[in-house]
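Let me put the sequence and the structure up, and then I'll walk you through them.

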Amino acid sequence: MARKIKIFDTTLRDGEQSPGCSMTIGEKLEVAAQLERLNVDIIEAGFAVSSPGDFESVREVSRIIKNCGVASLARAARGDIDAAYDALKNAAAPRIHIFLATSPLHMEYKLKMSPETVLEKIADSVKYARSFIPDIEFSAEDASRSDREFLAKACSVAVKHGATTINIPDTVGYCTPQEMHDLIRYLMNNVAGAEKVTFSAHNHNDLGLGVANSLSMILAGAGQVECTVNGIGERAGNSSLEEIVMGLATRPHFYEAKTDIVTTEIYKACRLVSNITGVKIHPTKPIVGANAFAHESGIHQHGVLAKRETYEIMSPESVGIPENRIVLGKHSGKHAFSEHLKLMGYDLPDDKLPEAFNAFKVLADKKKYVSDKDIEALLSTGVKTQLPRRCALENFSISCSKGTASASLILRVENDFITHSANGDGPIDAAFNAVNQALKTEYVLSDYNVTSVTGGNDALGESMVRLSYGGVTAVGRGVSTDVIESGILAYIDAVNKLK
């Protein structure tokens, strides 16, 4: 019988630590809601003590999530544990996740603690956290470079004082699958009380082995995997949720393990995280990349047409990738639109459907046909379910001559209308300058790109910008059949997050 593997998603905590991947509270709530639809077992919502914003994020995620656990990270310190509990106390299934380094390198140079002091800290912090709630996880940071005997002793102390999950991280992505397999086996045989707890895998991808190490640890007996959507995270990232889940789903007889993940929600989750963070999904990314189910070779095409399994080990539908069919146009009604959204897996609340339908009708007037990918782009960038729009684009005009460009914009800011013109090196530069001058704020642009959502002369352009102001960075997105308009919309979207 297949073992159940818990999926501990840390996109909102470890994933957000990736440079440029910070999220607003509203965006975190969108991701958390999608993770709940994905049916992950635990959402690590943040590091409550690290900032007021993180505390609020953990508290708000705890408030809205009812069908899976919610965790907060905490150092082995009572103040951290107090903050974690305060943020989590309204969660349906709260978990406090305590970490402390156990490697000689970290103990000497980072913690400046003796091994004995580290063991005392583990005992005190786990026991203290357990006085609040029963679900306590202990992570031995840099476990893969720790002395095995000392690591087993540290984990034994955590179990003795009430830890229910023991997490073994390869914090710097240093180890190989065989090493992580052997480490888990060693700990399961040498930690006192090992039979009472779940062992967990947490692997980073510095050598490209994060997923392989996690799957190897499952083979060795790990019952939980910590991972992120799209594998985002510090440095080279974390183990990828979608790759681990589909690895187990595709090879059930080999791993003899399964998850409770609703795999048809995977693509939506990956798209959402990509849209919010501005980190593009690489075309050759396993499971959800644009080329994952594309076949250019004539031999491959012939094989797939004859029998899909010749070159596909899973179907696109199994991970929620919609077919790029032409299904709707400008004469389609709201009911047909709503029903089609449900077929695509989207269930918009009644108060958001009119906004989505209006955006669809505007697009349908510009395009002869509207594809599923067009609708996806509208929902992910044009319909904001959490963020209030303080600033909006009402109209714009662009004029260009060789070497110079001018942009005139009409912006609605709160209830006022502002008209402003500015020059620039090109139409996009001129438009962005006009927004800055109209709002009397010098936002700093660090990244801008535009891609085509679908093919054809009337394809949607999807723009992404990354803006900074006052030490805070935000990602904005916009879609339009006019790439200049999509750029302006993306810029204003980021401005709204920074205001």
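Predicted model: local features only at pLDDT ≥ 70, side-chain atom pairs only at ≥ 80, totals over all residues.

Let's zoom in on one piece of that. S2, residues 6–9, pairs with S3, residues 42–46, in the parallel sense, over 2 bridges. Look for Asp 9 there: it stands opposite Ile 43 in S3.

Now, the aromatics. How many aromatic pairs does a search of the whole structure find? It turns up 10. Take Phe 47 and Phe 99: the ring centres are 6.1 Å apart and the planes sit at 75°, so we call that pair edge-to-face. And where are those two? Phe 47 is in the loop between S3 and H2, while Phe 99 is in strand S5, residues 94–101, so the pair ties together parts 52 residues apart in sequence. Phe 47 is buried, at 15% relative accessible area, and Phe 99 is buried too, at 17%.

Another edge-to-face pair is Phe 254 with Tyr 255, at 4.9 Å centre to centre and 85° between the planes. Here Phe 254 is partly exposed, with 46% relative accessibility, whereas Tyr 255 is buried, at 14%.

Last stop: Tyr 85, Tyr 128 and Phe 132, which form one aromatic cluster.

Methods:
Residues numbered from 1 in each chain as written. Heavy atoms only, no water. Pairing = 2+ DSSP bridges. Helix = DSSP H or I, 4+ residues; strand = E, 2+ residues; numbered from the N terminus. Phe/Tyr/Trp six-rings, centres within 6.5 Å; stacked < 30°, edge-to-face > 60°. Buried < 20%, exposed > 50% of the residue type's maximum accessible area, 1.4 Å probe, protein only.
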